[in-house]
Amino acid sequence: MAEILQRYDVIVIGAGLAGMRAALEVDPRLSCAVISKVYPVRSHSVAAQGGINAALDPEDNWKDHAFDTIKGSDYLADQDAAELMCEDAPRVVYEMEHWGTFFSRRPDGRIAQRSFGGQGYPRACYAADKTGRALYQTLFEQSVRRNITVLKEFFVMSLATVEDQVAGVVCLEIRTGAVVGIAAKAVIFATGGAGMLYLRTTNPYINTGDGMAIAYRAGVALKDMEFVQFHPTTLPGMNVLITEGARGEGAYLYNRDHERFMVNYAEKLMEVAPRDIVSRAIETEINQGRGFDGGYVLLDLRHLGENVIKHRLSEIYDFAITYKGINPVQEPVPVQPGQHYMMGGIATNKYAETTLVGFYAAGECAAVSVHGANRLGANSLLDTLVFGRWAGIQASKFVQSNPGVEFPTEALRTQSALIRELKSRHGAEPYGPIRRALRETMTTKVGTFRDAERLRQALDAIEELEERYQRAGIHDRGDIFNYDLIGFIETGFLIDLGKVVTTGALMRQESRGAHARTDYPHRDDQKFLIHYLFSPNSRGQLSKTEEPVVITHYEPKERKY
Amino acid sequence: MAESTVTFRVFRYNPVTDEKPYWALYPVTVEPGDPVLMGLMRIREEQDGSLAFRASCRSGICGSDAMVIAGRSRLACKTQILHVLNAQREVVVEPLRNLSYVKDLVVDQTPFWEKFYQVDPWLHEDPLSKPPTTERLMQLPESEFDDISKASDCIFCQICYSECPVNGMDRAFLGPQALIKAFRFEADPRDHGTPDRARTLNNQEGVWKCRTTFNCTLSCPKGIPITKGIQALKREMLTVGLGRGGGV
């Protein structure tokens with residue numbers, strides 16, 4: 001097993017939208033590489049369907065967008081950050097259009113916009129129901145044009161630090177099995193979410209929270225981790241996403257009594273209420289016996305007509321036929337909530353900076369926090385492009401005035417020793433059953449509705465799994481394309497994150513946004529209008545600190561739709 | 001739902017330990033609707049951790065898990081196990097064609113990407129235009145809009161590359177994916193890249209090598225009419241670039 005050391009000024013971990021946008025913003029005079037555990041176009045950004053919010057219309061206003069975002073967050077978003085993002089949104093959309101994004105258009109040639117959950121104005125710009133792919137391909141194409149270096153299929157295992165400053169990362173070159181140290185003056189994490197914590201998720205296999213867990217282990221705090229978004233409409237089975245854009249275009253939700261039940265939960269916005277509210281409504285219908293056998297309700301698109309379905313919702317038309325054998329032009333589609341997005345992540349300020357010197361984070365792996373307790377649909381693509389850019393700007397500035405620190409070679413040795421030890425274990429349990437048990441625990445006990453008893457059971461279960469994991473092992477002792485080894489290490493990341501999410505959920509004795517406690521059904525601004533930050537203490541246990549929520553113009557009010 | 005057991009017959013090869021490839025057989029319990037990818041994941045997580053294949057989104061949008069299943073290149077996440085069983089109730093799984101295998105179902109994608117880079121795959125702006133500070137309008141007839149939108153659906157899965165008989169015989173041919181990407185920009189009214197791209201397209205190994213067998217169109221998991229796009233490029237090269245870049 002070879003050990004290698006490479007050097008760059010700036011490295012970006014993750015080649016999705018946030019990572020690519022960051023890399024494109026890094027000063028071209030600096031050496032820069034993007035590192036990804038998969039090929040660039042495989043990143044989960046390509047799966048985003050519905051849209052990207054921007055107040056483009058002369059009748060619309062970015063301040064209204066900011067207000068909707070803050071209200072949607074159940075007032076946990078830092079308002080200065082939400083304002084920065086929403087004000088920047090039109091520039092982002094024009095820039096992407098200029099670089100080539102093929103947006104859907106109105107008859108007069110302007111970029112088309114549709115309604116989205118919790119938005120007071122139809123401001124989600126879209127490319128049919130494949131907006132993430134359209135935006136991502138544009139950035140990928142720009143990265144090809146500018147010859148951005150991408151280290152493909154490099155799996156990052158740890159951050160290398162010297163005191164309070166970042167020195168680079170240690171990764172596994174998947175093709176060869178070499179342990180590679182990559183020294184850098186600035187490191188940007190854009191590693192995405194952690195949906196593999198849950199059994200029912202819209203996320204891909206690769207979303208295992210690597211960046212969050214690695215930062216946490218290096219002592220960088222994770223913020224707002226108890227807030228996990230469940231998307232209301234996923235196909236039962238594989239939990240393939242059915243875009244909110246379907247409801248934005250006017251689709252209805254029905255229970256088994258053929259009632260448009262959203263009237264009982266959000267009288268005004270109905271099906272386009274924010275995701276936390278619609279997900280809870282669906283779960284309530286199912287729990288109270290008004291769902292269908294197999295735990296789902298129906299999404300009816302038929303009245304939208306064949307033309308709208310096949311043109312503006314072409315992907316989900318294909319998904320319903322492929323995965324359920326259902327043609328949505330003729331039949332309603334079964335849907336159930338599934339994990340979709342982590343509002344929490346690596347704590348950053350509104351310029352993507354963390355407490356570790358030279359270390360930045362953007363996109364889903366970061367918590368700025370613009371999404372607070374509940375992210376509005378079509379705000380995450382925006383988040384990646386706004387804060388990815390800031391990460392690139394700040395990292396460049398930092399490198400121009402800071403020589404960096406020497407890469408600690410023991411960081412490299414630690415990881416190689418770990419892998420060697422792992423490969424020498426015999427007769428150990430594989431990670432598969434442990435990962436599945438973790439995902440089951442999180443789904444049944446740390447899901448849409450939570451209570452102290454089940455959260456405590458979940459914590460106990462996770463601790464047991466952690467013990468089993470310590471003794472578990474791998475089957476593949478080879479070097480090249482050892483996905484067994486990667487799956488094993490990822491499972492360790494997931495266990496750490498599961499503990500943080502569950503502990504935060506247990507401590508937050510209130511209901512806010514996506515965090516719904518049946519034993520504390522109300523929001524409590526007196527005690528909990530704060531962010532929780534978790535980092536490991538010297539004994540490796542969770543230690544919690546608190547941060548106030550930044551309030552600029554919008555006093556917290558009751559949230560009604 | 002009715003569970004049943006099927007056998008996965010999987011192409012295995014480890015360049016370090018195996019002299020040549022071999023078939024491995026794995027029993028897998030399946031339910032109707034289960035995709036091939038789910039079966040492979042169960043094998044890796046529960047039976048044999050050393051089985052190498054790429055996978056990510058599980059829903060046919062990231063393009064990671066293309067492989068030859070029951071004789072044809074397909075996405076493992078979009079192919080139902082019960083639809084591809086042979087008479088022995090086996091699912092036969094092999095690596096993609098026209099790219100060399102590295103380990104098990106993992107292929108070396110390098111030639112594919114290099115050809116994609118050759119077509120200058122980005123929107124070439126009018127060199128005189130400035131970045132917009134307001135909205136740029138674009139009006140297109142619905143059919144032209146749909147052609148570009150459809151061509152943009154490419155997920156880089158390499159299935160067309162694996163199924164193309166010309167790629168099989170001539171490793172220098174650009175291949176269907178690079179060509180449909182070129183079409184996506186050539187058809188876009190905002191693009192000004194034709195002179196640059198014609199050097200690669202209007203060439204012996206470019207559009208003129210395509211023999212319109214329609215394998216790409218038939219196999220594309222996103223339903224992109226690739227051959228139609230390539231034919232449009234041929235017509236374009238005749239009118240705007242005849243004689244440029246070598247010709248035939």
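## Surroundings of B:V6

Leaving aside residues up to four places away in sequence, B:V6 is in contact with B:V28, B:V30, B:I81, B:L85, B:R89, B:E90 and B:V91. The model is predicted.

B:V6 belongs to strand β1 of chain B, which covers residues 4-12. One of its contacts, B:E90, is 84 residues away along the chain, yet the two C-alpha atoms are 6.0 Å apart. Is B:V6 buried or exposed? B:V6 counts as buried because 21 C-beta neighbours lie inside 10 Å, and the cut-off for a buried residue is 20 or more.

## Where chain A meets chain B

Contacts between the two chains involve 44 residues of chain A and 40 residues of chain B. On the chain A side, the elements that give two or more residues are α3 (79-99), α4 (131-145), α9 (314-324) and α14 (483-507). The most come from α4(A), with 7 residues. Sorted by class, this side of chain A has 23 nonpolar, 11 polar and 10 charged residues.

## Strand β20 of chain A

Which strands pair with β20(A)? Strand β10 of chain A (residues 222-223) runs antiparallel to β20(A) and is joined to it by 2 bridges. Here A:K223 stands opposite A:L533. Strand β21 of chain A (residues 542-548) is also antiparallel to β20(A), with 7 bridges between them. A:I530 has A:P548 in β21(A) as its bridge partner.

β20(A) and β21(A) form a hairpin, with 5 residues between the strands. In the turn, A:G540 has a positive phi of about 80°.

Technical notes: Residues are numbered from 1 along each chain as its sequence is written. Chains are lettered from A and ligands numbered from 1 in the order in which they are written. This is a predicted model: local features need pLDDT of at least 70, side-chain atom pairs count only at pLDDT 80 or more; totals for chains, interfaces and linings use all residues. Helices (H or I, at least four residues) and strands (E, at least two) are DSSP runs, numbered from the N terminus. A residue is buried if 20 or more other C-beta atoms lie within 10 Å of its own, exposed if 12 or fewer, and partly exposed in between; C-beta atoms are placed from the backbone. Two residues are in contact if their C-beta atoms, placed from the backbone, lie within 7 Å. Ala, Val, Leu, Ile, Met, Phe, Trp, Tyr, Cys and Pro count as nonpolar, Asp, Glu, Lys and Arg as charged, and the others, Gly among them, as polar. Two strands pair if DSSP finds at least two bridges between them.
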